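Subject: Handing over the structure

Hello,

Here is the structure I promised to pass on to you.

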Amino acid sequence: MTVAAGIGLGERQAGAGAPPPAVTERRSRRKLTPYLLLVPGMAWLAIFFIAPIVTLLSTSTQTRPEGAEIGVFTQTFRFANYLDALEGYGPEFGRSFLYALLATVLALAISYPLAYAIAFKAGRWRNLLLVLVVAPFFVSFLLRTVAWKQILADDAWVADLLRALSVIGPQTHIINSAPAVVIGITYNFLPFMILPIYASLERVDPRLMEAAGDLYSSALTTFRKVTIPLSMPGIVAGTLLTFIPAAGDYVNSALLGNKDTTMVGNVIDSRFLRVVDYPTAAVLSVTLMASILVLVGFYIRRAGTEELV
Amino acid sequence: MKHLPEDPMIRELVRAQLSRRALLRGAGGVGVAAALAACGTGGGTAATASKPKPAVKDRSASDKIVRWANWPAYLDYDEKSKKYPTLEQFQQKTGIKASYAEDVDDNDSYYGKVQGQLKNGQDIGKDVIVLTDWMAGRMVRQGYVQKLDKANIPNATNLNPALQDVDFDKGRNYSLTWQSGYAGLAYRKDKVGRELKTISDLWAPDLKGKVVVLSEFRDTVGLLMMEQGVDISANFSEDDFNKGLDELQKQVDSGQIRQVKGNSYLEDLRSGNAIAAIGWSGDILLARFEEEDDNYTFTLPESGGTLWSDNLMVPIASPHKKNAETLMNYYYDPTVAATVAAYVNYICPVDGAKAAMEKIDPSLVDSPLIFPTEADLAKVKGFRTLSPDEETTYSEAFQKVIGN
């Protein structure tokens, strides 16, 4: 729809006829300026995004000749590399997206009430609460994950407490398990969910909610029909900011997981550094990027991004 | 002894975050790192295995510096002055300024980091690097290190004869041993409640889920193979390797082995998540010393332990080779070597250091972990050098078993 409208607009402009020459010159220079302003950004993208993508794609179809030195690969355009990798690492892909999805849903469930409270109920505590949400960023991502390792350790109080309450058996670990990985991912990406939701809730005009009340809408209906739709941009932005990095994450699985929680990121790490198998690492990276792109594409089409600012 | 986490992987990542130059790598994750690394090597389409031939002139005479990359806690360090005493002495004696960095905490990741530059014959900003036998072998084979001029290292004759003729560098033309150590059984005696003597002792039912092993297959699978009666230093077959790997698979799948992720085994031992492990001798001595707990025990299994060494080498395109050789010569002086050994607690490769130790710390003269006897050394084996094909196959199979 928007595209069609754009074309229509262009036609209308073209159809308006040629303006006097002097104006054209100024106008064409004015037309050029935005493109010139784009040059630094485009150059940056070309060097740091397009060039690496091209080498990544080219590496992904290379093979290691029999008996060749480690780290030596030749370009053989072997697209079967992709089939091999998908066949070998299907479960890891599934796990990456499953964990990312679970973490996103959990983060949303935790963040929405929190963001709502900060936006509407916090009063003069609002700024302090916002600082607290951002505070974890002052500590390195890794150190925070290592801290979870201590918190969930076999001898730590969490495990002791759960054992005392018979929630888990005496031999069950919390650390080195799938739930630990999901907990870690949820925790690490929580601020990325809270902040966009807060930003969009904060812009909601409270008078709209009052108006809904005046029209005999119950609190729940107001929430469902007014608050949620108005905060949709924040929800979409937050879920994207959580899901995308979570699907590619490998630190949480490496530190908090076990051999059955391996995610694609871990396989890429081991292929690239341990086995020195650059083609497979490249294949997995390309596939991960492509599948995230497709998933996000569908999601955005469904959710709409007109107001994603 | 900087206060970084023990697990080399975390340490690597923390450092990647701290270092500005590595920021892209740390922030962008492995995908970006892979792409950039491929980018740095000219499109990643190196079809030939031709060795780099950089045109580097040795500037040692005018440029009096030497840049050394070593592993953490691997050189005598004085907490009070925050300096490395032997290195200070070296600078005073030779007038060569040494910059020392604990840059290597994992053979594989260090290789991944510098391989692109070495391949193109570029200076990696280091004049001396320290890597384990098998990785040292790979560097020599690929032509990534410079041939040493023994005339500049007269003390090289002090190298222990047993280490003189290693299979990855016959006649020691490219490398000199820095320190050696063992892999074997590591456990907390009080928590296990008994002595562990063989690798099979780790598979006792009461240790289920409390055992961790090294993520270095030459040590972990090597020890399993030795228990099955295979000589890992001889020409064993792929079947022999696979039998060892099968045993590992069995123990990992049954949950006996808790996990094999990175080299976090020492952290797991210290936190109590694990109480028995396949680990390295020096690590356990360090844990015993730092935790002031004599229950940290290291012992060689009855079927024998593995022996590894780390080696000093000069990377290709280093313009300070002579300075690097001067440094090596200095550390092959028996007194200096004994001073280092007294701190790091690993096997000292320098003959005469034992006599020199009498004056430095008489209590360590009889330490079997620093100066092993012939009988001690008869119990350990080094993993033989693998061909590139074997190395790729074995490491891939091992990574699959441990879940990567």
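In strand S7 (residues 296-299) of chain B the side chains alternate between two faces. Strands (E, at least two residues) and helices (H or I, at least four) are DSSP runs, numbered from the N terminus.

S7(B) runs antiparallel to S4(B), and 4 bridges join them; a pair of strands needs at least two DSSP bridges. One of the partners in S7(B) is B:Thr299, which is bridged to B:Leu185.

Before you read on, please note that this is a predicted model: local features need pLDDT of at least 70, side-chain atom pairs count only at pLDDT 80 or more, and totals for chains, interfaces and linings use all residues. Residues are numbered from 1 along each chain as its sequence is written, while chains are lettered from A and ligands numbered from 1 in the order in which they are written.

Now for the domains of chain B. The assignment, which is automatic or taken from a database, gives domain 1 (1-36), domain 2 (58-180 + 309-371) and domain 3 (181-307 + 384-401). Between domain 2 and domain 3 of chain B, the C-alpha centres are 27 Å apart. Where they meet, 12 residues of domain 2 of chain B are in contact with 9 residues of domain 3 of chain B, contact meaning C-beta atoms, placed from the backbone, within 7 Å. On the domain 2 side, helix H5 (133-141) and strand S4 (175-188) of chain B each supply at least two of the touching residues. That side has 7 nonpolar, 4 polar and 1 charged residues. In this count Ala, Val, Leu, Ile, Met, Phe, Trp, Tyr, Cys and Pro are nonpolar, Asp, Glu, Lys and Arg are charged, and the others, Gly among them, are polar.

Helix H4 (residues 107-119) of chain B is also worth a look. 12 of its 13 residues are buried, including B:Tyr110, B:Tyr111 and B:Leu118. H4(B) bends by about 40° at B:Lys113, the bend being the angle between axes fitted to the seven residues ending there and the seven starting there. Just after H4(B), B:Gly121 takes a positive phi of about 70°.

Chain A has 12 helices and 2 strands, and 35% of its 309 residues are buried. Chain A is divided into domain 1 (2-60) and domain 2 (89-303), with 37 Å between their C-alpha centres. Here 4 residues of domain 1 of chain A are in contact with 6 residues of domain 2 of chain A. The domain 1 side has 2 nonpolar, 2 polar and no charged residues.

Leaving aside neighbours within four places in sequence, A:Thr287 is in contact with A:Tyr82, A:Ala85 and A:Leu86. A:Leu86 is 201 residues away along the chain, yet the two C-alpha atoms are separated by 8.6 Å.

Best wishes

Technical notes:
Contact = placed C-beta atoms within 7 Å. Buried ≥ 20, exposed ≤ 12 C-beta atoms within 10 Å, placed from the backbone.
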